[in-house]
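Hello,

Here is the structure you asked to look at. My notes on it follow below.

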Amino acid sequence: MWRRRLFEAGASAYDWLTWQERWRDHCRSMVDHLHLQTERPRILDLGVGPGISALGLLDRLPEATVVGVDLATRMMATARKRIEGRVSLVQADASHLPFADASFDAVTGHSFLYLLPDRSSVVREISRVLRPAGHCAFLEPNARPPRGVWRRIRGPLRFRISMVLWRVASSGAGRFEPATLQALLDEALLAQPPATTLHGLGLIGTARKPLPRIDETGDRLRADSTAETDFKNDEARKHQRRELPLTGQPTRLESS
Ligand SMILES: C[S@@+](CC[C@H](N)C(=O)[O-])C[C@H]1O[C@@H](n2cnc3c(N)ncnc32)[C@H](O)[C@@H]1O
């Protein structure tokens, strides 16, 4: 409850702080982790806030349909002013999403999962609304950034202030270690080891919804373990070829 009040009261301040190019750039980076198979995906951005995360996705995928969900009325009002017409906005609790099963190709969230009191129920909802083989990506604060990280954070003063506040605000809410973020997503999906971003201040957790297995009678069985193994092997090969950032190593954004 206090979290909801915080985002109601702080909507304008949060909007001012995050409505900037560098923040938007990090929102765009989530697209790199979605393994999309279409140029017109349906993407659900959870905890859309003032809307910059959804706009970042659209920058990279102008043909996508992006739906932004947020619980806070004032955040929704700010988002409507900012992005109405470009993004469909729905006020809802992410633990009870008003969408049909398998209705999205991808799900994203920037600074979202760490705020949730019941993360597991939201991950189950993400799994429900994702189509089989759909991916999700979440950029979250890292509990253990490397030493000297602040010397490496560059950019305009406003961006550096936003990073300091992100760090301070996330201290009370429960930041992630790579293993805890992966384990959370693994509860209902097939998660990969998170990548680091923002010089290690942030983690990008990614996961995929498994394909259903069909038996000889045509009935769905549990997720196909062969498909899961294929997926994990495929991801491991991509890491080896450096198509995806390796855990603990700089991502594409580090040079920006
Ligand atoms: C830190 S903001 C992130 C906003 C935006 N994604 C960005 O990158 O700037 C997190 C948002 O998640 C929303 N939120 C928190 N719990 C939620 C829930 N259970 N369901 C939907 N939204 C929620 C908050 O209202 C807030 O707007």
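The mean pLDDT of the chain (the predictor's confidence in each residue, from 0 to 100) is 86, and 84% of the residues reach 70 or more. This is a predicted model, in which local features need pLDDT of at least 70 and side-chain atom pairs count only at pLDDT 80 or more, while totals for chains, interfaces and linings use all residues. Residues are numbered from 1 along each chain as its sequence is written. The stretch to treat with care is 237-256, where pLDDT stays under 50. Where pLDDT is low, the predicted coordinates should not be read in detail.

Overall make-up

The chain has ten helices and ten strands; these are DSSP runs numbered from the N terminus, helices being H or I with at least four residues and strands E with at least two. Of its 256 residues, 43% count as buried. Buried means that 20 or more other C-beta atoms lie within 10 Å of the residue's own, exposed means 12 or fewer, and partly exposed is in between, with C-beta atoms placed from the backbone. Among contacts with a separation of 6 or more, 70% are between residues 24 or more positions apart. Two residues are in contact if their C-beta atoms, placed from the backbone, lie within 7 Å.

Strand S8

All seven residues of S8 (residues 202-208) are buried, so this strand is largely enclosed by the rest of the structure. In a regular strand the side chains alternate between the two faces of the sheet. In S8 both faces are covered, with Gly-202, Ile-204, Thr-206 and Arg-208 on one side and Leu-203, Gly-205 and Ala-207 on the other.

Strands pair if DSSP finds at least two bridges between them. S5 (residues 130-141) runs antiparallel to S8 and is joined to it by seven bridges, one of which links Pro-141 to Gly-202. S6 (residues 190-191) is also antiparallel to S8, with two bridges; Ala-191 has Ala-207 as its partner. S7 (residues 195-197) pairs with S8 in the antiparallel sense over three bridges. S7 and S8 form a hairpin with four residues between them, and Leu-198 in the turn has a positive phi of about 55°.

The nonpolar core

Which residues touch the most other members of the largest nonpolar core? They are Leu-57, Val-107 and Cys-136, out of 59 residues. A nonpolar core here is a set of buried Ala, Val, Leu, Ile, Met, Phe, Trp, Tyr and Cys residues joined through C-beta atoms within 7 Å.

Cys-136 is found in S5 and counts as buried because it has 29 C-beta neighbours inside 10 Å. Beyond four places in sequence, Cys-136 touches residues including Val-107, Ile-126, Leu-189 and Ala-207. Cys-136 and Ala-207 are 71 residues apart in sequence and 5.5 Å apart in space, C-alpha to C-alpha. Val-107, counted in the same way, touches Leu-44, Leu-46, Ile-126, Val-129, Leu-130 and Cys-136.

The buried ones include Leu-57, and their cover includes H2 (11-18), H3 (21-28) and H5 (73-83).

The ligand is surrounded by 21 residues, the closest being Phe-7, Gly-47, Gly-49, Ala-72 and His-110. The elements giving two or more residues to this shell are H4 (52-60) and S2 (65-70).

Regards

How values were computed
Near = placed C-beta within 6 Å.
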